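Please keep the sequence and the structure at hand while reading.

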Amino acid sequence: MAILISGPALAQMVIEPGSDDRINWQSLEDFKAAHGDLEGQSFTVLGPWLGPDQELFSSIFPYFEDATGATVNYSGSDSFEQQIVIDSEAGSPPDVAVFPQPGLAADLAKKGHLTDLGDETGQWIRDNYAAGESWAALSTYEGADGAEHTYAFPYKADVKSLVWYVPENFEDMGYEVPETYEDLKTLTEQIVADGETPWCIGLGSGGATGWPATDWVEDIMLRMNSPEDYDAWTTNGLPFNDPKVVAAIEEFGWFAKNEDHVAGGSGAVASTDFRDSPKGLFDSPPACFMHRQASFIPSFFPEGVEIGLDADFFYFPAPAEGDLGQPVLGGGTLFSALSDNPAALAFIDFLKTPAAHEIWMAQKGFLTPHTGVNTDAYGDETLQKMGQILQDATTFRFDGSDLMPGAIGAGAFWTGMVDFTGGKSAQEVGDQIQQTWDTIK
């Protein structure tokens, strides 16, 4: 009865305010004190989330609505990338857009469609996110005035720098989780010396065959080169046939083109579907001991596998020496305002509160680099462990192929990796991809 009396927004709350001490309820009270004068206002949000993801995102709306009196109207689209461009150029954009990666946001900012969120937002990101400079850079684009401004706010991240394994298999063989990149290579060689196969790698993905190898190369690029080199590579400021890039491709070949290092031999790498490749971890005896893939891959593990018990993961480690720190490859969503609607701009501020993160964290499918959150709020130990990898990151970079032109990142790079595992040299593949890039300039 009390919940009903408190209003419809409160009735829809997935966690009753004050009922879970993992949530920073005070941050909501502070937000309400600053933005509680928006009664009756509303704004629109367009994003890529549908189904369960839309439900999870929508679960934070009642807390904003209760604090401000404003209403959130969300629309999800499976063709978001096309829709946001059409709506913006037609002069009827949503008040807020949820971009899956920064490239499209940067394009719209340059055309004058995005609202400057202010230098204070950029500084807030630097001060409150792990690897804050990285996240601030991902949110800063050139505007129509030719100057750079903060046009986006990152909220909800994904981690790709993960290696999956079966703890029981490691324990049976006496293997330790490697803490450095050198340890990872030593472990690979030790597994071979023990008569076993260290890796399962599969690049098959129908028309997208090859993409898993691009993630490997991107992680290796971040471990062999500076973040600035990585950024230059994604824009072709560092050519694809530059020695630094060729060396990273060759390093991937150390894992994938050695007959002893990969299940089925190197010839099976391109023909094995990425959804099937991790299953070798669970064979008896195991067909492999390690599998590098992003946080989504447990969806393709055999039924009944319990993460943390039957399978686990570790951070794809960085080199012991050098000044590259702990780089993390991943993705995320970026929120931009496309109007001056006060309620929409207040919603961006709402996303800065720890509670706006912790409420989704307590459910599922959410990771954050926000250093001010209570990591105990994560709904399970797996998410908490992935969240810790984000917290420990000194550099964060988006998937490089997603930042490249489609003809490269979703074309020549994919096919080049298949050619490489099929026998071409890293130099030949680098030259081949660069030639494609030259043709689209």
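This is a predicted model: local features need pLDDT of at least 70, side-chain atom pairs count only at pLDDT 80 or more; totals for chains, interfaces and linings use all residues.

## Disulfide

The structure holds one disulfide. Cys-200 and Cys-288 form this link, with their sulfur atoms 2.1 Å apart. The two cysteines are 88 residues apart, and the pair links distant parts of the chain. Cys-200 lies in the loop between helix H11 (181-193) and H12, while Cys-288 lies in the loop between helix H14 (243-256) and S8. The angle about the S-S bond is -105°, and the link of Cys-200 and Cys-288 is left-handed.

Cys-200 has a relative accessible area of 7%, so this residue is buried. Cys-288 is also buried, because its relative accessible area is 0%.

## Cavity

There is one cavity of 30 Å³ or more. The largest cavity has a volume of about 60 Å³. Cys-200 is one of its lining residues, and others include Trp-216, Phe-274, His-291 and Arg-292.

Helix H12 (211-224) and strand S8 (291-292) each supply at least two residues of the lining of the largest cavity. By class, this lining has six nonpolar, four polar and one charged residues.

## Thr-150

Thr-150 lies in strand S5, which covers residues 148-150. The relative accessibility of Thr-150 is 6%, so Thr-150 counts as buried, the limit for buried being under 20%.

Leaving aside neighbours within four places in sequence, Thr-150 is in contact with Thr-115, Asp-116, Leu-117, Gly-118, Thr-121, Gly-122, Ser-139 and Thr-140.

How values were computed. Residues are numbered from 1 along each chain as its sequence is written. Side-chain values use heavy atoms; hydrogens and water are left out. Helices (H or I, at least four residues) and strands (E, at least two) are DSSP runs, numbered from the N terminus. Buried means under 20% relative accessible area, exposed over 50%, partly exposed in between (1.4 Å probe, protein chains only). Contact means heavy atoms within 4.5 Å. On a 1 Å grid over the protein atoms alone, a cavity is a set of points where a 1.4 Å probe fits but cannot get out, and a pocket is an open set with protein on both sides within 12 Å along at least five of seven lines; lining residues have an atom within 4 Å of a point. Grid points are joined across faces, edges and corners, and a volume is the space filled by probe spheres set on the points. Ala, Val, Leu, Ile, Met, Phe, Trp, Tyr, Cys and Pro count as nonpolar, Asp, Glu, Lys and Arg as charged, and the others, Gly among them, as polar. A disulfide is a pair of cysteine sulfur atoms within 2.5 Å.
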